[in-house]
Amino acid sequence: MPDQPYHTVIGLEVHVQLLTRTKLFCGCSTQFGLPPNSATCPICTGLPGVLPVMNRAAFDLALKAALALNCQIASFTKWDRKNYFYPDLPKNYQISQYDLPFSHDGWLEIETGEGKKRIGIIRVHLEEDAGKMLHDEQGGGRESLVDLNRTGTPLLEIVSQPDLRSPEQAKAYLEEIRLLLRELEVSDCEMQEGSLRCDANVNIHVLQPDGATAATPIVEVKNLNSFRAVERAIRYEAKRQYDEFQRTGQRMGEVSKATAGWDEDRGVTIIQRRKEEAADYRYFPEPDLVPVRVSAEELAQVRASLGELPAAQRVRLQQDYALTAKDVDVLIQQGRPFVAYFEEVARRAGDAKEANNWVTNEVLRTLNERKLSIKDFPLSAEALAGLIRQRSQTGLNMQRTREVFARMLETGSSAEQAIKELGFEVIADESRLRDLVRKAIAANAKAVADFKKGKLKAADAIKGAVMRETRGMARTELVQQILLDELKNS
Ligand SMILES: [Zn+2]
């Protein structure tokens, strides 16, 4: 970054709630928005004497995600207790994975201003979520309540290498994770509902006058819950560290790592405390759960279920349909069923460019207006392809074609029927058009005289008369051609 006297170094810890029906170690529902504490049982509230049992569906989703993130999968993995006290954690420990996570050493490619960049992933592990504190901030109340519905929900933690170099790259990385995990139906990644959360480890490398680089202590900014918050918090924190470095000259090693919160309203990070190290949590192996073994067959099965991932899809769609990177991105962001719909329209219409225009404009607009998914879209791929073919065959103008599209949505007619119903049949019959042109020439003597004197624009008046006569349905290029022909010979 030539305009900045420092480099920002960012590693992200992303927490993603898995889309399972039930929790990680008990049968309670994971549904969002249930009445507080209604989805709880002795296991997830940590009563003595209960035994957790791993939810295999959660583990399979976690495997899917890790494979898609190009991770190595451990054939043997175990659970550990991470001990800490907090009111939303009634057991006083969280079941997590410490020294033997189920996957490690992966990567994810992101798009940056300078091209593609591979971001390393240190590890992906599975753990249970804690509950939620509800602070009474309205009406001057001073109490906090605890909702344990979320306690025990399966959570995937994805820890990146410190490979990200700007707030924009951090956002791109998060967006790519969201796209990937949504496509795989591993998580809905709804940041507003807390199913995708992010902590950012930020520090800066300052170039010294002597050519050496000084690094500031890492600050972990916790609980960023929107893309905008991630970008703003990182930008603010990097600048804050630079200002502090200028003031005090503090370097790595002289100050311990710290944890910070993000104040969205004021747009500032607030340093809270020295960061805990792993040793502070007194991890030890969870005695109530058996370790998990993953066989090669199982792994092959999960791998086969991944289907085409967004990175591969981008390359293929650009190549097969000659679309721009931007076009393809719009398609892919809508998810696999939408891409499949586009591909079918393109194939049936024999025109990918037009199919892309219709699908990403009119179809997408209709879906958004009616809050529908592509699965419930009233027009089949064949119906839309039929409209595209009709337009290319008849030369119907765009305005009229949109009206036909609206009619098809309304009545379920085919493109051909809708064109008839609306009286939009294009007149392309040459002898009929020639008759109309001759009549218009006879009725516009002055325009003809002007044209002969060299005022070529005068021909537009005659053409206009033909278009009026046919309510705009005459094929324009053909009228133009016949008109010039007739004028030359008149
Ligand atoms: Zn439970």
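Which residues coordinate the zinc ion? The zinc ion is held by C26 (SG), C28 (SG), C41 (SG) and C44 (SG), at 2.3 to 2.4 Å. The model is predicted: local features need pLDDT of at least 70, side-chain atom pairs count only at pLDDT 80 or more, and totals for chains, interfaces and linings use all residues. Residues are numbered from 1 along each chain as its sequence is written, and side-chain values use heavy atoms, with hydrogens and water left out.

**Confidence**

- The average pLDDT of the protein (the predictor's confidence in each residue, from 0 to 100) is 92, and 97% of the residues score at least 70.
- Helices (H or I, at least four residues) and strands (E, at least two) are DSSP runs, numbered from the N terminus.

**Zinc site**

- Donors are N, O and S atoms within 2.8 Å of the metal (3.2 Å for Na, K and Ca); water is not among the atoms, so sites may look incomplete.
- The donor residues of the zinc ion follow the spacing C-x1-C-x12-C-x2-C in sequence.
- C26 and C41 both lie in the loop between β1 (6-17) and α1 (56-68), so the pair ties together parts that are 15 residues apart in sequence.
- C26 counts as buried because its relative accessibility is 11%; C41, at 19%, also counts as buried.
- Buried means under 20% relative accessible area, exposed over 50%, and partly exposed in between (1.4 Å probe, protein chains only).

**Aromatic pairs**

- The structure holds 10 aromatic pairs.
- Rings of Phe, Tyr and Trp (its six-membered ring) pair if their centres lie within 6.5 Å; planes under 30 degrees apart count as stacked, over 60 as edge-to-face and the rest as tilted.
- F25 and W79 form an edge-to-face pair, because their ring centres are 5.3 Å apart and their planes stand at 85°.
- F25 is in the loop between β1 and α1 and W79 in the loop between β3 (76-77) and β4 (80-83), so this pair ties together parts 54 residues apart in sequence.
- Both F25 and W79 are buried.
- Y98 and Y283 are stacked, at 4.0 Å centre to centre with 5° between the planes.
- Y98 lies in the loop between β5 (93-96) and β6 (103-112) and Y283 in the loop between β15 and β16 (284-285), 185 residues apart.
- One aromatic cluster is formed by Y84, Y98, Y281 and Y283.
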